[in-house]
Amino acid sequence: MNGEVPGEGGGSPGEQFWEEHYRASRRPSSGRPSGALVRFAGPLPGGTALDLGCAQGDDAVWLARRGWRVMAVDVSGTALARAATNAEAAGVSDLIEFERHDLASTFPDGRFDLVSALFLHSPVEFPRTQVLRAAARAVAPGGLLLIVEHASAAPWSWSDPDTAFPTPEESLAALDLDPSRWHDEFVGAPKREATGPNGQRATVTDNVIALRRLAR
Ligand SMILES: C[S@@+](CC[C@H](N)C(=O)[O-])C[C@H]1O[C@@H](n2cnc3c(N)ncnc32)[C@H](O)[C@@H]1O
């Protein structure tokens, strides 16, 4: 899947927004994986992974380089095409399958050893909690669910600076998971130094939720 995908962008409001976003920005992605992914998936032996909202593929490529077989999903065909180009450049195309889904209406099939939803936010209407519950159902027994979400508004964010963000415990409760079937590996709100689209720097807070589905 190389190059831009023509003729897309006429679908749901989510697809329209994100297609426009990626088409308007030709800035390459950082090429670096998310810090939380490195922290929680780095020690794992590999397996199958589902990356929801994969953008231009930095996390999927990092996982594939470590031997994971990755299903990388996004609503934007343009983002997926760029992710596929990045995977090819990294020599890991054979380990990553790309699927376009508007997760508001369709979800990939299968169970995975790792399911990640990293900053799976959207400024247009998006049933995020419902999608994150589907993400939890897609975790294979013994597998890891990793959710990272904004818990503060960076100065360059589209969020209203007065947005009230949930605590990580509130986000976890919204998933409505059976506690007897899940182990909380980490539920917290660490701070990190973030870089904005024009190189601006700021300290931001993320909610990080890492849950293991018990094998039984
Ligand atoms: C804020 S970006 C985060 C990207 C990346 N995961 C990261 O950590 O940098 C959100 C991503 O989710 C995708 N996305 C937003 N709404 C979506 C939807 N309804 N279905 C599938 N992907 C969606 C966007 O296209 C975008 O690539």
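S76 touches W18, E19, Y22 and R100, leaving aside residues up to four places away in sequence. That is a handy way into this structure, which is a predicted model.

**Starting point: S76**

- To find S76, look in the loop between β2 (69–74) and α4.
- Is S76 buried or exposed? S76 counts as buried because its relative accessibility is 0%, and the cut-off for buried is under 20%.

- Over residues 50–143, the chain is 34% helix and 28% strand.

**Strand β8 and its partners**

- Strand β8 covers residues 201–213 and is mostly covered, with 10 of its 13 residues buried.
- β8 runs antiparallel to strand β5 (residues 139–150), and seven bridges join the two.
- Within that pairing, L146 has A210 in β8 as its bridge partner.
- Six bridges link β6 to β8, again in the antiparallel sense.
- A210 turns up here too, as the bridge partner of F186 in β8.
- β7 is also antiparallel to β8, joined by five bridges, and R192 stands opposite V204 in β8.
- The hairpin of β7 and β8 has five residues between the strands, and in this hairpin G199 takes a positive phi near 85°.
- As background for reading these strands, side chains in a regular strand alternate between the two faces of the sheet.

**Strand β5 and its link to β4**

- β5 is mostly covered as well: nine of its 12 residues are buried.
- Which way do β4 and β5 pair, parallel or antiparallel? The two strands pair in the parallel sense, over six bridges.
- In this pairing, V115 stands opposite L145 in β5.

**Helix α5 and what covers it**

- The buried residues of α5 are R128, V131, L132, A134, A135 and A136.
- Their cover includes the strands β1 (48–52), β4, β5, β6 and β8, together with the helix α6.

- The elements giving two or more residues to its lining are α3 (58–65) and α4 (77–90).
- What kinds of residues make up the lining of the second largest pocket? It divides into six nonpolar, five polar and three charged residues.

- Most residues other than glycine have a negative phi, and the next two residues are not glycines.
- F119 has a positive phi of about 55° although it is not a glycine.
- F119 sits in the loop between β4 (112–118) and α5 (128–137).
- With a relative accessible area of 26%, F119 is partly exposed.
- D176 also has a positive phi, of about 60°, and it is not a glycine either.
- The place of D176 is the loop between α6 (168–175) and β6.
- D176 counts as exposed because its relative accessible area is 62%, and exposed means over 50%.

- P190 lies in the loop between β6 (182–188) and β7 (191–195).
- P190 counts as partly exposed, at 29% relative accessibility.
- How far apart are P190 and D206 in sequence and in space? They are 16 residues apart in sequence and 5.9 Å apart in space, C-alpha to C-alpha.
- D206 is also one of the residues that P190 touches, along with V204, T205 and V208, not counting residues up to four places away in sequence.

Conventions. Residues numbered from 1 in each chain as written. Predicted model: local features only at pLDDT ≥ 70, side-chain atom pairs only at ≥ 80, totals over all residues. Heavy atoms only, no water. Helix = DSSP H or I, 4+ residues; strand = E, 2+ residues; numbered from the N terminus. Buried < 20%, exposed > 50% of the residue type's maximum accessible area, 1.4 Å probe, protein only. Contact = heavy atoms within 4.5 Å. Pairing = 2+ DSSP bridges. Nonpolar A, V, L, I, M, F, W, Y, C, P; charged D, E, K, R; others polar.
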